[in-house]
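Hi there,

Here is the structure I promised to pass on to you. Have a look at it first, and then read my notes below.

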Amino acid sequence: MSDKLINATNLQKFFDQFIAVDNIDLSVSRGEVVGFLGPNGAGKSTTMKMLTGFLEPDNGEIFINNINLKSDPLKAKEYIGYLPEGAPSYSDMIVADFLSFIGKMRGLNDNSLSNRLEEMANQINLKEMWNRPIETLSKGFKRRVGIAQALIHDPDILILDEPTDGLDPNQKHEMRNLIKRISTNKAIVISTHILEEVEAVCSRAVIISNGKLLANDTPKNLENKFLNKNTLFIKVSNKLNNVISKEIKSLLKYDDVKIQKTDISTHTILVSDSQKNPNLNTVLKQLNKLKLDVIEANFQKLSLEEIFRKITSDNNSK
Amino acid sequence: MNNYLNKTYIILDRELKGYFRTPLASIFLLVFLALSSGMTFFLGRFFERDQADLTAFFSWHPWLFLVLMPAIGMRLWAEERRSGTIELLITLPVTNTQLVVGKFLASWIFTLIALILTMPIWITVNYLGEPDNHIILISYFGSWLMAGAFLALTSCMSALTKNQVIAFIISSISGFVLIMAGFNLVLSAVRSWSPNWITETISSMSFLSHFSRIQMGVFDLSTLVFFISIIILCLWINVQLVQVKKAD
């Protein structure tokens, strides 16, 4: 028995000759929030649709809480809450009736349904819109209704396809807080192309492009893995006045040496060159001559956005 | 089993209430009553016939249903696919058969409501004379059964497209073919080149010939089996279409 709530192996999906998902492995444990990243058309939604049982993979297997999705789809689907892309709902229904319908379909009895409805109204702030037809709601509220229907049966697994797409910054912030709040005892997969979202809520980032899984790691590990070899980042615990700064610049034979004050007692030195990558050992030796106390020295870290661009553009150019 | 039926009922309940959430139900019921009465009194010459029966009322039902059943059923699947709610439905712990049957039953019950609302005509003919109420009751049941076949056909066609208008047109055309199958015009064209059994098979597929027999008070097992088979066949194809076309 695996403790993984989602365990998908070798997933493949073809649309005619086009391969939308190409041998993707993905597992998610309780307490994890996995950010699914990728350019438009990368295969994010197709993968999510396979994980929820909407599409059948052409190859590969999916286990939901150790239940094979293919052989026992009804049982497996009970563990999943799903927000499809665009948060579709029956726009002519009022919020209460729509959530009640989904709750009943999820097998909740009258008692637990009324409890869950009340919890949803409070937890997702839907009280004021409770008896309004969904078609009259703003995009933000429609998205909340979508989240509420995914959560109504308190599922172990939550799959959210672009939950913050089209929301204003305040609504995005609220949505992320909500995801963080509920993430402790669930396995959550969210797809997005907003990188800050991954940094804000996800414990793991999965990057896919052209149907292939290109990276699968914590945001921190990704930052450590994908360093900018063009720029050296050196932090020293010395006060660098103008004279020392000039000395450093003349000692280091590179095009571009920037010295910035980090705080009262530390400075950072950024070294880069348009012709060649700077050599870490050489630079450290030179700085040693000036008796500087180096606290940290490495190639400069890339932001998640830069990592994403690098990975996906490398894959596209192959 | 209980759980299985329960989920089907929840789908049915949502769909049936859905008709009444929008003006669709009232518009449809009004149009149905206006057209069925109009055809009975003006085209069917109810009074001029001077007979205490509802032949003038029922004989127009196949033609009325040809347009009105696609109007009721065109949204059943096309709208789910257009709005993306099909993703919600399919990812619920429910089978496609439950979804298809629940939706179909909702539209069929809605049609039953429409037929019940025509009861004043029945009362009128009883007030004016002494009709054979047995034949009228059988005709009502036959009419509802035929409506079910039209609806199952429409539901099936609705799963083919995201566009309700297209669903309406292809449902009407296929319904027209099933009505016309009993006409001499079609049969004589087929008879000239095909063996007798083909002509008879085509003739036996006709909604019109089955319904004409019902109107005469002849309700045999073959008619019941015919309409029920059409319904089951169309719904079975409907289930397959939902499976195949859901992600298009």
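Let me start where the two chains meet: the contact takes 21 residues from chain A and 17 residues from chain B, where two residues count as in contact if their C-beta atoms, placed from the backbone, lie within 7 Å. On the side of chain A that touches chain B, the largest share, three residues, comes from α3(A). The elements of chain A that give two or more residues to that side are α2 (73-77), β6 and α3 (95-105). Helices (H or I, at least four residues) and strands (E, at least two) are DSSP runs, numbered from the N terminus.

Before you go on, please note that this is a predicted model: local features need pLDDT of at least 70, side-chain atom pairs count only at pLDDT 80 or more, and totals for chains, interfaces and linings use all residues. Residues are numbered from 1 along each chain as its sequence is written, while chains are lettered from A and ligands numbered from 1 in the order in which they are written.

Strand β6 (residues 80-83) of chain A is covered on both faces, with Ile80(A) and Tyr82(A) buried on one side and Gly81(A) and Leu83(A) buried on the other. A residue is buried if 20 or more other C-beta atoms lie within 10 Å of its own, exposed if 12 or fewer, and partly exposed in between, with C-beta atoms placed from the backbone. Strand β7 (residues 157-161) of chain A runs parallel to β6(A), and four bridges join the two. Gly81(A) has Leu158(A) as its bridge partner in β7(A).

Finally, chain A is divided into domain 1 (4-224) and domain 2 (228-301), with bounds that come from an automatic or database domain assignment. The centres of these two domains of chain A, taken over C-alpha atoms, are separated by 45 Å.

Enjoy exploring!

Terms used. Two strands pair if DSSP finds at least two bridges between them.
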